[in-house]
Amino acid sequence: MHHSTFRKFTLLFGLVALVAIAGGCKKKVAATPPAPPPTPTLQPTVTLNASPTSVNPGGTVTLSWSSTNATDLDIEPGVGKVAPQGSTPVNPTQTTTFTITATGAGGSATASANVAVNGSSAPTAEAPTEQPGVNELFEQNVKDAYFELDKSDLRDDARAVLTKDAEFFRSYPQVKVSLEGHCDERGSTEYNLGLGQRRAEAAKNYLISLGISADRIETTSWGKERPFCTEHDESCWQQNRRAHFVLAH
Amino acid sequence: MAIRTFTPLSFLKLTLILTLAFSALARPSAAQDWFKTGTGLGVTKARLALPETAARSTFAQPLPKTFHDVVWADLDYSGIVDMVSPSFYPVQVPGQPSELKAEDWAAAPANAYMVAYGNLSTDASGIAFAGYLADVHNPTAPLALQKIYRGAATDADARRMAHQFADDIIGVLSGGQLGIAQTKIAYASARNGNKEIWVMDYDGANQQQLTHLKSISLTPRWSPDATRIAFTCFAPYRGVTSAQICIYSTASDRLIAFPRYRGTNGSPAWSPDGSEIAFMSSLNGDPEIYISDATGAHLHRITFAAGVSTSPAWNPKTGKQMAFVSDRGGSPVLYLANSDGSDVEKLNLPDMGYVIDPAWSPNGQLLAFSWRRPSGNYDIYAMDIVSRQLVELTRDAGRNERPSWAPDGRHLVFESTRTGTRQIWSMLADGSQPHQLTFEGQNESPSWSSK
């Protein structure tokens with residue numbers, strides 16, 4: 001299966017990467033104060049994150065999201081209509097892919113976050129109606145590593161996540177990534193730029209120790225400039241202390 | 001060793017240090033309670049009167065009032081004069097020396113020591129202000145200042161001329177030290193969506209966007225000759241966007257080339273002679289401090305410790321000493337070293353917490369920084385680097401970070417969240433007279449120009 005779909009992957013991959021790069025700038029700028037919109041019909045953007053990304057059945061997962069240019073937001077399954085940005089706890093009993101749909105004057109956008117519930121199988125894996133692209137597989141399989149405040153050493157959960165990520169990178173040797181370090185808002189701008197880089201490097205070095213080639217991973221840092229979540233509390237800060245994978249080429 | 005609490009005695013000592021350091025009649029009036037103790041002891045400021053600007057022509061715009069208000073604000077905030085309230089002024093407004101009744105100004109209730117005055121008129125080329133500064137206790141002495149200032153009949157030029165007059169007055173009263181009324185402040189602002197580099201007059205007027213990189217631009221720092229601004233810019237290259245060093249020339253209004261390095265680069269700082277730039281780079285993995293020429297050539301590394309080392313700040317007086325931030329011992333705190341990286345020393349404070357944003361006073365004697373103590377939020381502190389005495393300059397007013405000194409050593413600019421949004425503020429170097437300079441959007445990381 002892998003060989004027969006490689007070409008398709010490569011094609012898709014370029015498109016997806018372009019879109020990801022073009023779209024990547026916009027969506028997280030949601031943290032900056034509202035600027036007067038240049039035109040009233042901007043395309044909505046939305047991001048959705050789940051933390052932790054795996055739990056025991058009935059365990060609590062925090063979903064957090066942010067959006068731009070959207071007036072109606074809806075998270076399925078089970079959450080319903082929500083504010084343009086925020087977070088909410090959910091207690092999935094089986095592996096679930098939460099999808100947020102953001103609708104505004106300029107159209108709509110969706111984002112998904114997968115929560116693996118231990119001992120259950122992913123419904124998405126059971127009924128694939130069409131062959132998923134590399135981007136989709138990447139989104140489903142490659143998860144970010146999270147960190148403690150002011151720390152860049154890997155916690156056990158980060159090691160576990162990266163070990164799974166390494167499996168994916170072994171299965172898809174053509175995939176290259178940029179690994180972006182992020183920090184919460186409490187440290188200084190300047191220090192956080194360095195700390196984010198240390199987080200990205202720590203994750204990269206762990207992947208290298210698992211046999212992933214160093215030249216497939218470019219590291220960079222956003223410091224605290226592109227938070228995933230903009231509330232001023234620990235659940236949000238934890239969302240922002242991470243090494244985040246982005247498909248590159 | 002640093003002192004543990006801010007006793008009146010220690011404050012008195014620091015006041016003395018500040019006063020000596022400023023080589024001026026520094027007795028800033030205290031606006032915040034915890035500074036009142038000791039600041040007024042033994043030093044008096046010159047009582048200065050500034051009557052309205054006499055209009056000798058008819059003006060389409062209220063330029064005489066603008067001129068007067070700007071000079072007043074400059075002098076009032078200079079930290080070296082005590083402005084006499086207009087309600088005590090004699091009725092007659094002098095516009096030239098023959099109209100000044102010195103004894104009326106020297107007598108009660110005005111009790112002025114100096115009077116700054118003049119007249120504004122139009123001529124063929126624009127407007128002209130004839131300005132004078134008189135010692136009204138010595139009416140037979142020559143004028144302390146007598147000068148004509150010229151410009152266009154615009155608000156901007158009236159402000160510029162007023163700043164020049166104010167600086168000339170400060171120059172006379174402080175024994176030759178230049179005022180700061182014509183200096184600029186560079187900062188990063190996200191008010192138009194992306195964080196870009198902006199510049200404004202020292203009093204917050206004339207805010208202008210310099211860069212249009214439509215990315216993220218941070219940490220501007222003026223070159224010592226105030227012709228360039230080095231900053232951190234996020235630039236895409238082969239699909240990866242990373243933090244790099246950018247330099248903007250305010251003389252030619254464009255970016256100047258600087259090499260791109262691997263990984264994350266940021267927090268540039270200029271050497272005192274402007275020939276070198278120190279910055280953080282992760283080009284070899286760990287974020288460390290490197291120094292290169294201002295062109296980017298002759299790159300060499302000066303810190304070697306696991307962890308983040310960043311925010312280098314050169315002692316502007318000696319050029320041989322550097323302060324920087326490192327988390328090599330756990331949390332980020334300040335370290336001192338020679339500018340070649342040797343003799344690294346941790347700057348011990350009487351408490352734990354974050355210590356960041358080192359900024360040297362122009363005379364190299366005081367190090368300002370922001371410190372988040374375990375019990376509180378970020379506040380600005382200043383330390384005498386020889387005695388290690390410490391004074392807190394902000395308190396109970398949101399996050400206060402990124403101090404930068406004015407070239408007179410009497411003022412600091414910094415960012416504060418005390419209004420609920422992140423804005424640029426300035427204050428006198430003892431923490432008094434905080435002035436909010438920006439109001440729109442979020443603004444951060446100010447840098448005060450040398451001239």
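Me: What do the buried residues of helix 3 of chain B pack against?
Reply: This is a predicted model. In it, the buried residues of helix 3 pack against strand 1 (46–49), strand 2 (54–55), strand 3 (81–83), strand 4 (114–123) and strand 5 (126–135) of chain B. Helix 5 (155–173) of chain B is on that list too.

Me: Which residues of helix 3 of chain B are buried?
Reply: Among them are B:Leu63, B:Pro64, B:Phe67, B:Val70, B:Val71, B:Trp72 and B:Leu75. B:Thr66, B:His68 and B:Asp74 are buried as well.

Me: How many of its 14 residues is that?
Reply: Ten, so helix 3 of chain B is mostly covered.

Me: And what does helix 3 of chain B reach from its first C-alpha to its last?
Reply: 20 Å, over residues 63–76. That is close to the 20 Å expected at 1.5 Å a residue.

Me: Switching to disulfides. How many does the structure hold over all chains?
Reply: Two. One is formed by A:Cys229 and A:Cys236. B:Cys233 and B:Cys246 form another.

Me: Start with chain A. How far apart are the sulfur atoms of A:Cys229 and A:Cys236?
Reply: They are 2.1 Å apart.

Me: Is the link of A:Cys229 and A:Cys236 left-handed or right-handed?
Reply: Left-handed, with -135° about the S-S bond.

Me: Are those two cysteines, A:Cys229 and A:Cys236, buried or exposed?
Reply: A:Cys229 counts as buried because its relative accessibility is 4%, and the cut-off is under 20%. A:Cys236 is at 0%, so it counts as buried too.

Me: Now chain B. Which hand does the disulfide of B:Cys233 and B:Cys246 have?
Reply: The torsion about its S-S bond is about 75°, so the B:Cys233 and B:Cys246 disulfide is right-handed.

Me: What does that pair tie together?
Reply: B:Cys233 lies in strand 11 (residues 228–237) of chain B, and B:Cys246 lies in strand 12 (residues 240–249) of chain B. So the pair ties together parts that are 13 residues apart in sequence.

Me: What are the relative accessibility values for B:Cys233 and B:Cys246?
Reply: B:Cys233 is at 1% and counts as buried. B:Cys246 is at 14% and also counts as buried, because the cut-off is under 20%.

Me: What about A:Cys183, buried or exposed?
Reply: A:Cys183 is buried, with a relative accessible area of 3%.

Me: Last topic, confidence. What is the mean pLDDT of chain B?
Reply: It is 90, and 90% of the residues of chain B reach 70 or more.

Me: Where does pLDDT stay under 50 in chain B?
Reply: Over residues 1–42. For that stretch of chain B, the model has 89 contacts beyond four places in sequence.

Notes
Residues numbered from 1 in each chain as written. Chains lettered and ligands numbered in written order. Predicted model: local features only at pLDDT ≥ 70, side-chain atom pairs only at ≥ 80, totals over all residues. Heavy atoms only, no water. Disulfide = S-S within 2.5 Å. Buried < 20%, exposed > 50% of the residue type's maximum accessible area, 1.4 Å probe, protein only. Helix = DSSP H or I, 4+ residues; strand = E, 2+ residues; numbered from the N terminus. pLDDT = per-residue confidence, 0-100. Contact = heavy atoms within 4.5 Å. Expected span 1.5 Å × (residues − 1).
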